[in-house]
Amino acid sequence: MRLFLGRSKGISISNTRTIKLQLLLKQPWRNPKGLDLLRKHAHALGITPTAEGLTTMSGEITKDAFETLFKTPVHEVDAQPPGDKDFGRSGGAVSGDLPVPEALAEYVESIAVASPYLRL
Amino acid sequence: MKLVQAVHKTERAKRTVKPSEELTVAITFRRPQDGVGPTKLAARMSSASVSAMRPDPLDMDKALYELHRRGFEVSERGKLTASVRCSRQLYEKVFGTKLKVFRIDQTQQMSSQAFYYPPAEAAWKPDESLMSLIDDAYIQWPHIFMATAKKPKTKAAQPSAIPPEVSYFHLQVPNDVPRLLNATQVHAAGITGKGVRVAMIDSGFGHSHPYFKAHNYNSTVVLASGASNNKTDANGHGTGESANVFALAPGATFIGIKLDNDTNPQGSASILEGLQEALKHKPQVISVSLGYDLCEADPVTGQRTSNKHLTALPNGLKALEAELQAAVASGIVIVFSAGNGHVSFPGMMPEVISAGGAFIDSKGNMRASDYASAFASQIYSGRKVPDFCGLVGLQPHADYIMLPIPIGCEIDGDNSTHDETTPTDGWGVFSGTSAAAPQLAGVCALLLEKNPGLTPSDVKAVLKRTSKDVVKGAANSASNGGAAGLKAGPGEDGATGAGLVDAFAAFQQV
C-alpha cells in the first residue's frame, strides 16, 4: 500500500511523541452509548480520545504506551513538500496491522495508526 | 492650522524635493443601479448613505483587471475604492493629460515636498473604455504626518486581489470555472448555493487573502484535532482549491476544516479526524481533495514497489471507510478527488462522488486530462473511477487555474518554478483532481439549494446523466496498473466517467 509519496525513510519516534490511532466500533456499539464506553476503556489503556464520528473514534497514545500495548514497532514519517503528482504529504506514523487489545475487544472491530495522506 | 510645528526644513523635505515618478492614484467606482460614482454625486455622502454607493464587486474586478492590463499596479482594495500605482508617463497616456510639478510648504512634515498633478488648464481625455468601468482616478496628494514616527512599522506583505499575468492559456476564478461548467446560468437564476453548508477538509484556509475578501465570501475555519492556527495555511493547498468551491457556489456557507499543524507537521490531524470534526457542523456537502495511493508499496517509505493495485482495503483505512459510509447514509453528499495518477482511496469508494478531470483548451476543445486518475477498483467490484469530471490541467504539472494562496506558502514557492508566478506573490496556477472535487462540491451545493430534499444518490445520478460527453484524450497511465491511460470515447468511458459536469443541465432536472 502506498499511503504517501515516500522520499524519506521512516525514523524512530521519541518515546513521548504521540501516535494517532483510529478505532472502528463494532456494529452494535455504533451509537452514543458505545462511544461512551469506548472512550472510558480506551482512556484506561493510555489512549486519549481526540475526536469521534458516527462509527469511529480517533485517539492519541505515546510511543511508549503504544509499544507496551501493541508489542509492535511504529515509524515516524516526515511531511513532504509538493511534488509532480501531488501537493505534498502530511507527516505522521506508520505501522503494521495492530491487534485489538483485549479490554477493547467487545466494542472495537479494528484499530490502526492514522497514516500520512497525500494532497491531490 | 499647522498640525505639526516645524520651523525648519525637515530631513524628509530635504530628501523629497524631487517629485516621485511613481504616482499613487485613488480609483472610485460606479454604483450598479445608475452608474453614478461618488465623485459625480451632487449630494454629500454620509455614513448612512455611503452604502448606496457600493459598487458591484465583480464590476470592481473587471475595472481593476483592465487597469492592471494597462500597467497599473493595484496596491490596496476597499469596498468603495482601490489604490493603484503607476508611472507619470502611464497616467498621462491613459488619462490623456499632462502633469505638472506642484511644491508644498517645506516647513510642513509632509510625506513629500513635491508631487505631480494635472494643472487646472490641463487636457483630460481619458481612455473611454476604461472610464466606462470607473468613476474617476485621482492622484493622491502627499499627506501630513500628525506626529514624528519613532520607528516605521512594517506591515505584513499582502498579495494583490488581482492575479499576475502569465503567458499561457489558463483559467481564472471566479469567472472561467463556472462558465465552463455551465453554472453561470444557474447563478443568473439567483441560485448561488445560499444557505447550503459545504465543509472542505484540507491543509488550511488563508481566507484573509484579498481575493476572498474582495468577493465577500462567507467562510468559517475550524481546527481538526491536532491542527493549529485557523488563519494560516503553510502549504496553500486548501486556500487555493477552496476558491473553486466559491467560484461555483459563492453563496454557500463554507466551513473549512484545517488539518495541518504549522509548527509540528507530525501532529497534524488525520483525514478521519477532519471528517469527525466536519460532521459536528452538520454539512450537506463535504469536499476532500486528499487521499491514499493503494498500490503495492514499501510499508515504511511508502514508495510504490509495483503498479499493481491492492485487492483488499488495508485495515488501517477501514475506520475511515466506515465513517464515510455512515456519513453518506445520513444524507451528506461527499466528493473526493479521483487522484493524479494515484489509485486513490477514498476516491474509489462507491458511496462517494469520485471527481475526475477534463481539460478545455483556449478554443473550447475538450478532452480527458492526462493528469487525472481513471481506473477500475480492485477493491470494490464493479466500481469505476471517476464518476464524472471537473476542470483539470494536463501533464506535467496541471498548471491550469490561477488560484489565490498565502504569500510564501509551499505551493507559492514550488509552483513558481514552472507556472510563471513568483514565490511570494500569493498566486499559483495549479489544479489536479484537487480542483475537480471542490468544483463538483460547489455544483452539488447549487442543486441542494434548489432542492434540499435530494439524497446523495439523487445528486450523483442527476450529475451523471446530465454531464457533457468527453470523447477525446486519455487519463493518467500511472493509475492504470502500468498500462496506457484509459481512453475517452462516446458515451460513458473509463477516462472521464460520464464526462464534464454541466451544472445548468443538472439544475433543470432537480
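1. A word on confidence to begin with: this is a predicted model. The predictor assigns the complex an ipTM of 0.82 and a pTM of 0.74. For chain B the mean pLDDT is 89, with 88% of its residues at 70 or more.

2. Please treat two stretches of chain B with care. Over residues 1–13 the pLDDT stays under 50, and the model has 22 contacts there beyond four places in sequence. Residues 147–153 also stay under 50, with two such contacts.

3. Chain A has two helices and seven strands, arranged along the sequence as β-α-β-β-α-β-β-β-β. Of its 120 residues, 52% count as buried. Among contacts in chain A with a separation of 6 or more, 64% join residues 24 or more positions apart. Its accessible surface is about 4,900 Å², and carbon and sulfur atoms contribute 53% of that.

4. Now to the rings. Over all chains there are 21 aromatic pairs. One of them joins B:Tyr211 and B:Tyr217, which are tilted at 55° between the planes, with centres 6.2 Å apart. Both tyrosines are buried, and they belong to an aromatic cluster that also includes B:Phe205, B:Phe246 and B:Trp427.

5. Helix H14 of chain B (residues 503–507) deserves a look: B:Phe504 and B:Phe507 sit three residues apart in it, about one turn. Their rings are stacked, 6.1 Å centre to centre and 25° between the planes, and both residues are buried. B:Lys450 lies over the face of B:Phe507, 4.2 Å from the ring centre.

6. Another lysine to check is B:Lys100, whose charged end sits over the ring of B:Phe102 at 5.6 Å from its centre.

Methods
Residues are numbered from 1 along each chain as its sequence is written. Chains are lettered from A and ligands numbered from 1 in the order in which they are written. This is a predicted model: local features need pLDDT of at least 70, side-chain atom pairs count only at pLDDT 80 or more; totals for chains, interfaces and linings use all residues. Side-chain values use heavy atoms; hydrogens and water are left out. Helices (H or I, at least four residues) and strands (E, at least two) are DSSP runs, numbered from the N terminus. Buried means under 20% relative accessible area, exposed over 50%, partly exposed in between (1.4 Å probe, protein chains only). Contact means heavy atoms within 4.5 Å. Accessible areas come from the Shrake-Rupley method with a 1.4 Å probe; for residues, only the protein chains shown count as cover. pLDDT is the predictor's confidence in each residue, from 0 to 100. Rings of Phe, Tyr and Trp (its six-membered ring) pair if their centres lie within 6.5 Å; planes under 30 degrees apart count as stacked, over 60 as edge-to-face and the rest as tilted. A charge sits over a ring if NZ of Lys or CZ of Arg is within 6 Å of the ring centre and within 35 degrees of the ring normal.
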